[in-house]
Amino acid sequence: MNLKQDISQADFERIEKYLFDKMGENEKLFFEKELKETPALNAKLDELKLIFEGIEKAEFKEKLNQFHREMGKDSNLRIVKTTSFNWKSFAVAASIIFIAVISVILYNRPNANERLFAAYYKTDPGLVTAMSSKGMDYEFERGMVDFKSGEFQSAVNRWEALLAGNPNSDTLNYFLGTAYLELGYSAQAIQNLHKVSENSQSKFVDDANWYLALAYILEDKKDEARQALIRTNHPLKAELLNQLDEK
Amino acid sequence: MSSQKIIECFRNNDSGFLGILYQSQFPKLRRFVLANNGNEDQAKDVFQEAFIITWENIRKGMFIPSSNSDVNAYLFRVGKNKWLDYVRSSGFKKNISLEIQHDRFGEEAEDKESALQWVEKGLKTLGEKCRDLLKRFYYRKESMSMIANNFGWTEQTARNNKYRCIQQLRDELYKMKD
């Protein structure tokens with residue numbers, strides 16, 4: 001390596017500012033120009049860059065040893081509990097950041113309801129299009145094509161328009177409900193599915209109650225879910241009821 | 001946790017995040033190493049090496065995790081491969097102590113690694129105050145005002161002291177070079 005150059009504090013501060021991306025656009029361009037024209041400055045930058053990286057990596061390695069030692073205190077190498085703060089060396093600020101990070105991690109993990117939902121939810125296969133039964137409408141069928149190709153928002157848009165003129169249609173309410181459920185709007189899905197669930201004449205009543213139960217599970221409304229399950233004749237009814245009762 | 005947040009945690013050396021990652025993932029690799037002719041010390045070494053590689057690759061953008069489980073899987077994979085490489089190597093058969101081979105390509109990367117180790121050595125010679133100051137700024141990414149507060153300095157004093165500590169470090173490093 002080269003002989004040691006003197007680096008003035010002014011140069012040091014500027015180089016550091018540049019390396020940590022704290023310079024404004026103009027300042028940066030000016031500095032980069034200077035770097036090109038002044039090899040000595042460039043050499044200083046390379047050296048400081050290495051030193052900064054070296055310090056960070058060295059401290060990081062120390063930290064790993066600290067994590068390891070703390071783990072050893074639990075004889076079974078248990079996974080660290082989020083409530084145990086034994087890190088006296090941490091400033092209050094660090095503890096607060098720690099809590100915030102943990103909450104974010106926990107919040108973003110699927111909860112028990114979401115897991116239960118995922119275990120039992122299957123997309124409705126949709127109706128065969130170009131059916132010539134009564135009341136089937138071209139716009140409805142176009143929505144069904146959207147639904148079957150996974151374009152649930154488009155399907156919803158088409159069907160909502162139809163629902164305006166046909167608010168009690170069990171077919172529309174059923175498929176809207178399931179489309180909303182696909183999109184994650186469980187509260188809205190409940191509204192649509194509910195209309196079908198109480199219509200024992202509808203050919204969709206069993207499935208509507210099944211999906212209604214799943215939607216209630218997502219909303220953490222276990223009692224309503226149970227009631228919907230009791231009404232349905234879905235083959236997995238007993239199993240899901242058992243699962244609900246275990247929680 | 002979102003991809004962006006995960007990458008930020010690695011860039012900022014978020015100790016809560018890194019600590020949880022370390023302590024929750026170590027047991028799995030440890031079990032693997034122990035089940036494959038390794039001992040406790042080797043498990044620790046391999047895991048830490050894999051952890052460092054994961055940290056570097058995420059920060060460099062060479063690996064972009066989309067979730068926590070992505071990170072876990074990557075970490076385990078790196079560690080497992082490192083261990084298996086070692087077990088299959090001649091060093092292991094001759095009972096040579098574990099010298100983790102870096103997957104470095106070419107002289108440049110090896111030069112860089114030894115340069116970083118040189119800095120690490122120099123750092124160890126500094127006094128406690130300097131080490132603490134440098135650790136807070138360069139590793140913990142604390143702001144100058146936070147650091148100044150901690151030591152009871154003004155910000156300008158903190159800046160001056162940081163500069164002085166780096167000078168000390170450089171002096172030491174050049175001394176060691178001879």
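Which side chain meets A:Glu34 in a salt bridge? Keep that question in mind as you open the viewer, and remember that this is a predicted model.

**Stop 1: two helices in chain A**

Select A:Glu34 and A:Arg14. Their side chains form a salt bridge, with N and O 2.9 Å apart. A:Glu34 sits in helix H2 (residues 25-37) of chain A and A:Arg14 in helix H1 (residues 9-19) of chain A, so this pair links parts that lie 20 residues apart in sequence. A:Glu34 is partly exposed, because its relative accessibility is 22%. A:Arg14 is partly exposed too, at 27% relative accessibility.

In general terms, side chains of opposite charge can pair when their charged atoms come close.

**Stop 2: along helix H2**

What separates them along the helix? A:Lys33 and A:Glu37 are 4 residues apart in helix H2 of chain A, so about one helical turn lies between them. A:Glu37 is exposed, with a relative accessible area of 55%.

**Stop 3: a pair in chain B**

Jump to chain B and select B:Lys124 and B:Glu120. Here the side chains meet in a salt bridge with an N to O distance of 3.6 Å. Both residues belong to helix H6 (residues 106-124) of chain B, where they are 4 residues apart, about one turn of the helix.

Before moving on, go back to chain A for a moment and select A:Asp11, A:Arg14, A:Glu34 and A:Lys44. Salt bridges with shared partners join these four residues into one network, and the pair from the opening stop, A:Glu34 and A:Arg14, belongs to it. Over all chains, the structure holds 26 salt bridges.

**Stop 4: chain B as a whole**

Colour chain B by secondary structure. You will find 9 helices and 0 strands, and reading along the sequence gives the pattern α-α-α-α-α-α-α-α-α. Chain B has 178 residues, 48% of which count as buried. If you consider the contacts in chain B with a separation of 6 or more, 60% of them come from residues 24 or more positions apart. Show the surface of chain B next: its accessible area is about 9300 Å², and carbon and sulfur atoms account for 46% of that.

**Stop 5: where chain B touches chain A**

Display both chains together. How many residues of chain B are in contact with chain A? There are 55, and they touch 46 residues of chain A. Between them, the two chains bury about 4900 Å², with 67% of that area on carbon and sulfur atoms.

For the charged pairs, note that 10 salt bridges cross the interface of chain B and chain A. To look at a salt bridge between these chains, select B:Arg131 and A:Glu59, whose side chains meet with N and O 3.0 Å apart.

The largest share, 13 residues, comes from H9(B). Colouring this side of chain B by residue type gives 25 nonpolar, 11 polar and 19 charged residues.

**Stop 6: two loop residues with positive phi**

Finish with the backbone. Select A:Asp220, which has a positive phi of about 60° although it is not a glycine. A:Asp220 is found in the loop between helix H10 (205-218) and helix H11 (222-231) of chain A, and it counts as partly exposed at 48% relative accessibility.

Then select B:Lys141. This residue is not a glycine, yet it has a positive phi of about 60°. B:Lys141 lies in the loop between H7 and helix H8 (144-151) of chain B. With a relative accessibility of 33%, B:Lys141 is partly exposed.

Terms used
Residues numbered from 1 in each chain as written. Chains lettered and ligands numbered in written order. Predicted model: local features only at pLDDT ≥ 70, side-chain atom pairs only at ≥ 80, totals over all residues. Heavy atoms only, no water. Buried < 20%, exposed > 50% of the residue type's maximum accessible area, 1.4 Å probe, protein only. Contact = heavy atoms within 4.5 Å. Areas by Shrake-Rupley, 256 points an atom, 1.4 Å probe, with all protein chains shown as cover. Buried area = accessible area lost by both parts, 1.4 Å probe. Nonpolar A, V, L, I, M, F, W, Y, C, P; charged D, E, K, R; others polar.
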